[in-house]
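Dear colleague,

I am handing over the structure we spoke about, together with my notes on what was found in it. Please look it over alongside the text that follows.

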Amino acid sequence: MSTDSTLRFGAQTDEVTSLLRIVNLVRTGEATTRPEIGKVTGLGRGVVSQRVDQAISMGFLGEGEFGASSGGRAPRTLRFRAEQGHIVICALGAAHIRVGVAALDGDILEHTHRTWDIAQGPEKTIDAVMALVEKVLGQHPDVPVWGVVVGLPGPVDFASGQPVAPPIMPGWNGFDVRTPFEERFKAPVWVDNDSNLLALGERARRRDSLADLIYCKIGSGIGAGLLSKGRIHRGANGAAGDIGHVRVSDSDAQCRCGKTGCLEAVAGGWALVRDAEEAIKEGVTTSLAAPAKKGVLSLEEITRAAQAGDSLAITLVQKSARVAGETISALVNMFNPGVIVIGGAMGSAGEVFLAEVRQRVYELSLPLATRDLTITLSVNDEREPLRGGAELAREQLFDITFPRWFADGRPSPERVALSA
């Protein structure tokens, strides 16, 4: 048996390595009985039994039901104890906050949301987020939090957890988002761009650990999450995928970031609301006139009207799709993804939007880059960013930092924060 100090300091001995691997084999379902673990790892039966007993005593694994017999006594299955800890996910958008709590297997147990203007600043926003977190955790008061993920609608320096010059988030640049959550929950915290969380959610849904995928979130703002062989590509400063502020040729539209001609200022949701209101003032006949008159015109109203056949709404949605498709085609040529997923509020326009994007991408991209390309809509489930956040936390906890903290039985900010 290994000494306590060997385990506690995460020494990469054969024993430690095999123990970690066995926990992850059971966690991912790759091997769920002792004989299966032996086949996958090549370890002898006695060693497998010893490592499994260790994992059970440490609280990571538990005994399950009996599996199918191959001729002898049926083997007892093992299960990963996903109930031993919780993951808190806080997904912030330009105009809303969504909060959820997940088990360690990624299953979303509780979630809630509220409208919120991210421009109110970090202090007020974090207070509002904490109130929602307390609400969802109140349903499971006795389970410790093992990790917290915060998604933000702007570039994030993943290493420091700080927003980097976010165009629509005044007062957030360089703000220490991580510390308030670490202090409250005594757990490691990861802060990332919201589009990255959505891309990770797609990876989990597809069970494709080597996906080359782009998730394009097109709502009030526009951004993209880039998966390369299953790993998020964030770039040197967290700005990878910030396509909303790519310059559109021949456009002088004023953007919220202060520049002119940005993709978001032409194709984003707030830009479509602006253009719809201008068209209504000019006397265009449209079903959008009623909500505009009441002051409640929104992107959601426009996409619903487009699906219902309103000519102005269709024109606006198709214009957005054409311009967005041009930018996406550049990503296709450079990145050569296998899948592009269109999500966000604009995705609810369905084929009205998607068909136009597909046409522009195939027109402007290299034939080789589009030969095996799939362009599809997201599932349009409000829990998707929460699932993506849970996926990020699970990846960080069990694929990246597990050796640093497993001997303690649960992660801590200090252990996880150690440099890789």
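This is a predicted model: local features need pLDDT of at least 70, side-chain atom pairs count only at pLDDT 80 or more; totals for chains, interfaces and linings use all residues.

Five strands make up an open sheet of mixed pairing, ordered S12-S11-S10-S13-S14. The edges are taken by strand S12 (231-232) and strand S14 (374-377), and since each has a single partner strand, one side of each is left without a neighbour in the sheet. Strand S11 (residues 222-228) runs antiparallel to S12 and is joined to S12 by two bridges, with Leu227 standing opposite Ile232 in S12. Helix H13 (residues 351-364) lies across strand S10 (213-218), strand S13 (339-343) and S14, and the angle at which H13 runs to S14 is about 160°.

The loop between S13 and H13 holds Ser348, a residue that is partly exposed, with a relative accessible area of 24%. If neighbours within four places in sequence are left aside, the contacts of Ser348 are Thr303, Gln307 and Asn380. From Lys135, Ser348 is separated by 213 residues in sequence and by 29 Å in space, taken from C-alpha to C-alpha.

In soluble globular proteins, nonpolar side chains tend to be buried together. Returning to Ile89, and not counting residues up to four places away in sequence, this residue touches Arg98, Val99, Gly100, Ala102, Ile108, Val149, Pro385, Leu386, Gly389 and Ala390.

As for the chain as a whole, it contains 17 helices and 14 strands. Its radius of gyration is 24 Å, close to the 22 Å that the globule rule gives for 420 residues, so the chain is as compact as a globular protein of that length. The C-alpha trace spans about 80 × 45 × 35 Å along its principal axes. Of the 420 residues in the chain, 52% are buried, and among contacts with a separation of 6 or more, 60% are between residues 24 or more positions apart. The chain exposes about 18,700 Å², of which carbon and sulfur atoms supply 49%.

Key. Residues are numbered from 1 along each chain as its sequence is written. Side-chain values use heavy atoms; hydrogens and water are left out. Contact means heavy atoms within 4.5 Å. Two strands pair if DSSP finds at least two bridges between them. Helices (H or I, at least four residues) and strands (E, at least two) are DSSP runs, numbered from the N terminus. Axes are lines fitted to C-alpha atoms, for helices over the stretch in contact, and angles run from 0 to 180 degrees between N-to-C directions. The radius of gyration is taken over C-alpha atoms; the globule rule is 2.2 Å times the number of residues to the power 0.38. Buried means under 20% relative accessible area, exposed over 50%, partly exposed in between (1.4 Å probe, protein chains only). Accessible areas come from the Shrake-Rupley method with a 1.4 Å probe; for residues, only the protein chains shown count as cover.
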